[in-house]
Each structure stands twice: as C-alpha cells, then as structure tokens.
Amino acid sequence: QVQLVESGGGLVQAGGSLRLSCAASGRTFSRYSMGWFRQAPGKEREFVAGISWSSGNTAYADSVKGRFTISRDAAKATVHLQMNSLEAEDTAVYSCAAGPASYTRVLREADEYAHWGQGTQVTVSS
C-alpha cells in the first residue's frame, strides 16, 4: 500500500522560505508522477508543482514559477518542495500526491493522481 507522509510545514514571514518533504513508501515509483497541490480556505485545490520520478521533468503553476523548486531524492524515495519568497497568498494546506504516468509525463490534474498524503499546513504572515 502506497503511503505518502508530508513534513516541513509551518509559520513563516512573507519573503521567507520553507522546504516541504514527502516520504513515499509501498512500491517503486519509477514511471510515476509526483506532485504537490495546495488548498486554501474557501478555495479549490490547485496544482503547485510536479515531477516525473523517472525522467526528472518538472512542471509548475504560473503563480509559483521562479519561487518554488520541486526535486526528488531517489535513494530516499522522497520528494521536496523548496519554497522561497513566500507570500501571504501561498498560505494553504499542501499535499503530496503520486500517480502512474509515462516516462516523461508530469501530471497536473488532481484526478490523475491515485495516492495522497494527509497534508501539511503552510502559513505565511504578512
């Protein structure tokens, strides 16, 4: 059974940085896309960033491009989301997700992902 466990959330001032981690277990994740989504109160869940586990291809939402970086550590089966220049609008619950995908494809739609973590709160104070 696939398990995804997020860590690294917290409270930070605007302009600061946080690094989220997602520890994955339960299967090998080659030919999987790993993604980060977020959901703020009263808003729909939105795609933040994704990475192809096999190829390392990445994709980002326009709102975080240039500020966030997604990466994976294959040896530790962990995906990271480095978030810099945080803004109050980045406040949300951030969730890690995993879904089967072709070698190079990065999934962007939530319903394409089969497995989800519990989420971690990120709060940015202005």
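The questions below concern strand pairing and the disulfide in this predicted model.

Q: Which residue of strand E8 stands opposite Ala23?
A: Strand E3 also pairs with strand E8, which spans residues 78-83, in the antiparallel sense and over 6 bridges. In E8, the residue standing opposite Ala23 is Thr78.

Q: Which cysteine does the disulfide join to Cys22?
A: A disulfide is a covalent bond between the sulfur atoms of two cysteines. A search of the whole structure finds 1 such link. With an S to S distance of 2.1 Å, which lies within the 2.5 Å cut-off, the disulfide joins Cys22 to Cys96.

Q: How many residues apart in sequence are the parts that the pair of Cys22 and Cys96 ties together?
A: The disulfide joins Cys22 to Cys96. Cys22 lies in strand E3, whereas Cys96 lies in strand E9, which covers residues 92-100, so the pair ties together parts whose separation in sequence is 74 residues.

Q: Is the link of Cys22 and Cys96 left-handed or right-handed?
A: The handedness is given with the angle about the S-S bond, which is -75° for the link of Cys22 and Cys96. With that value, the link is left-handed.

Q: Does Cys22 count as buried or exposed?
A: A residue counts as buried when its relative accessible area is under 20%. Because Cys22 has 0% relative accessibility, this cysteine counts as buried.

Definitions and conventions:
Residues numbered from 1 in each chain as written. Predicted model: local features only at pLDDT ≥ 70, side-chain atom pairs only at ≥ 80, totals over all residues. Heavy atoms only, no water. Pairing = 2+ DSSP bridges. Helix = DSSP H or I, 4+ residues; strand = E, 2+ residues; numbered from the N terminus. Buried < 20%, exposed > 50% of the residue type's maximum accessible area, 1.4 Å probe, protein only.
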